[in-house]
Amino acid sequence: PGTLLGQLTKALRDNSLKVVFQPLLATSGPELERLQMLPRLAGPDGTLIPAARFIPVAAERGVLPAVDHWMIARAIDLLRARAGEGREIPTIFLNQSPAIIDDEKFVKWLIDQAESLEKGHRKLVLEFNIMDLKPRIRDARKVLAQLQKLGIGISLTGIDEKVPEVVMLKHLPADYLRMKSDFAHRVLDDA
């Protein structure tokens, strides 16, 4: 973990964290380009280390807000570049820690960044795990509503219809829901 943390902080400082994109398919709605943007850390041998290996270390050591900030800045740079080139602008989904909910300066920075993009170019969707928002639901409701007013989408992940926390959906604004991976399997098995 110490080595991963050192590599991560160096990558953030040097602006050398890598990103990969994964296409997302919606169950309904128009066929639009939707991409999930994922961080990768370059290993000493050049291989890419998946987020699942270094994000828990970043969370444990308090570095996760810096990763969130870096990823949002890269996504906004990408949206701005695509718009400047006159190319189609994809919708970019980013997993976020609850750090943005807890940090007013982070929210203000994000609002400033979003306002620097034309409204039609703000094709950014921030994804939060519903369980991370549970202890801060009052603040989350306020911040997420602010972001939606700017045209930033909100996605809630970790949704499971069998978990009592699903009632939180009544209290949190969301444009997208991502069900737990086994949800589709249960639906297919349920006549």
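The protein chain holds 8 helices and 7 strands, where helices (H or I, at least four residues) and strands (E, at least two) are DSSP runs numbered from the N terminus. The radius of gyration of the protein chain is 17 Å, close to the 16 Å that the globule rule gives for 191 residues, so the chain is as compact as a globular protein of that length; the radius is taken over C-alpha atoms, and the rule is 2.2 Å times the number of residues to the power 0.38. This is a predicted model, in which local features need pLDDT of at least 70 and side-chain atom pairs count only at pLDDT 80 or more, while totals for chains, interfaces and linings use all residues. Residues are numbered from 1 along each chain as its sequence is written, and side-chain values use heavy atoms, with hydrogens and water left out.

Along its principal axes, the C-alpha trace of the protein chain spans about 50 × 40 × 35 Å. Of the 191 residues, 41% are buried, a word that stands for under 20% relative accessible area, with exposed meaning over 50% and partly exposed in between (1.4 Å probe, protein chains only).

The charged side chains come next. Side chains of opposite charge can pair when their charged atoms come close. A salt bridge is a side-chain nitrogen of Lys or Arg within 4 Å of a carboxyl oxygen of Asp or Glu, and by this rule the count comes to 9 salt bridges. The table gives three of them.

| Salt bridge | N to O distance |
|---|---|
| D14 and K10 | 2.5 Å |
| E33 and R82 | 3.6 Å |
| K108 and D112 | 3.3 Å |

D14 and K10 are 4 residues apart in helix α1 (residues 2-14), which means that about one helical turn separates them. D14 is partly exposed at 38% relative accessibility, and K10 is partly exposed at 45%.

E33 is partly exposed, with a relative accessible area of 30%, whereas R82 is buried at 14%.

In helix α5 (residues 104-115), K108 and D112 are 4 residues apart and thus separated by about one helical turn. K108 counts as exposed at 52% relative accessibility, while D112 is partly exposed at 38%. Finally, a network of salt bridges links R74, D77 and R80.
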